[in-house]
Amino acid sequence: IACVLGRLGLRTLIPVDWEKHVDEIIPYCRRFGVECLKVTGKLGTQGRQDAVRRLQESKIDAIVSTRVMDTGIDLPELAAIIDAGFKSDSTTTEQTAGRIRRKKTEQDNISFYFVICDYTSGMLIGRHRKILKTLATIAGTVFHEVETPLELNILLPRIIQEERGKQHAA
């Protein structure tokens, strides 16, 4: 997902619950050409601000972070979130989704919130449904379900083209 978003020039946040997951995701992203930075609470305020600046300047495609980036940090022109963790409550999900729904100034006002669903565990299915139910309450949310990166590779450019047409017609 991050690779497709990077090719489309969409700035992305990938929040996870634990630092070990950040360490697992970053090499995978880089292997597919996604330039990303690790951000955890250990980085400190200046380090987090530097990561945000690099994202804003398009020097990186994504920030892979622990929950330290969920709230209280201004994320510039953020276009996508790939939620690779689990929100504990609907308020946190709404706050995270709100980060990409802000009016964009430098690009199209299109936002994506990806929920990685694992259908092999009943407990995880319940958590994913809770996240999706919360997102469904946010005005303007449209759902698309894909199962493979190839489907996403086809769907994302089509969605962007359709949304650009709507915005220019308005």
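How many salt bridges does the count come to? Taking a salt bridge as a side-chain nitrogen of Lys or Arg within 4 Å of a carboxyl oxygen of Asp or Glu, the count comes to 8. The structure is a predicted model, in which local features need pLDDT of at least 70 and side-chain atom pairs count only at pLDDT 80 or more, while totals for chains, interfaces and linings use all residues. Residues are numbered from 1 along each chain as its sequence is written, and side-chain values use heavy atoms, with hydrogens and water left out.

As a friendly reminder, side chains of opposite charge can pair when their charged atoms come close. E57 takes part in a salt bridge with R53, where the closest N and O atoms are 3.0 Å apart. E57 also pairs with K59, at 3.1 Å between the closest N and O atoms. Accessibility is classed here as buried (under 20% relative accessible area), exposed (over 50%) or partly exposed (in between), with a 1.4 Å probe and protein chains only. E57 is partly exposed at 38% relative accessibility, and R53 is partly exposed at 34%.

Another salt bridge brings together the side chains of R67 and D83, at 3.5 Å from N to O. R67 lies in the loop between β3 (62-65) and β4 (80-83), whereas D83 is in strand β4, so this pair ties together parts 16 residues apart in sequence. Strands here are DSSP runs (E, at least two residues), numbered from the N terminus. R67 is partly exposed, at 22% relative accessibility, and D83 is buried, at 1%.

Terms used:
Helix = DSSP H or I, 4+ residues; strand = E, 2+ residues; numbered from the N terminus.
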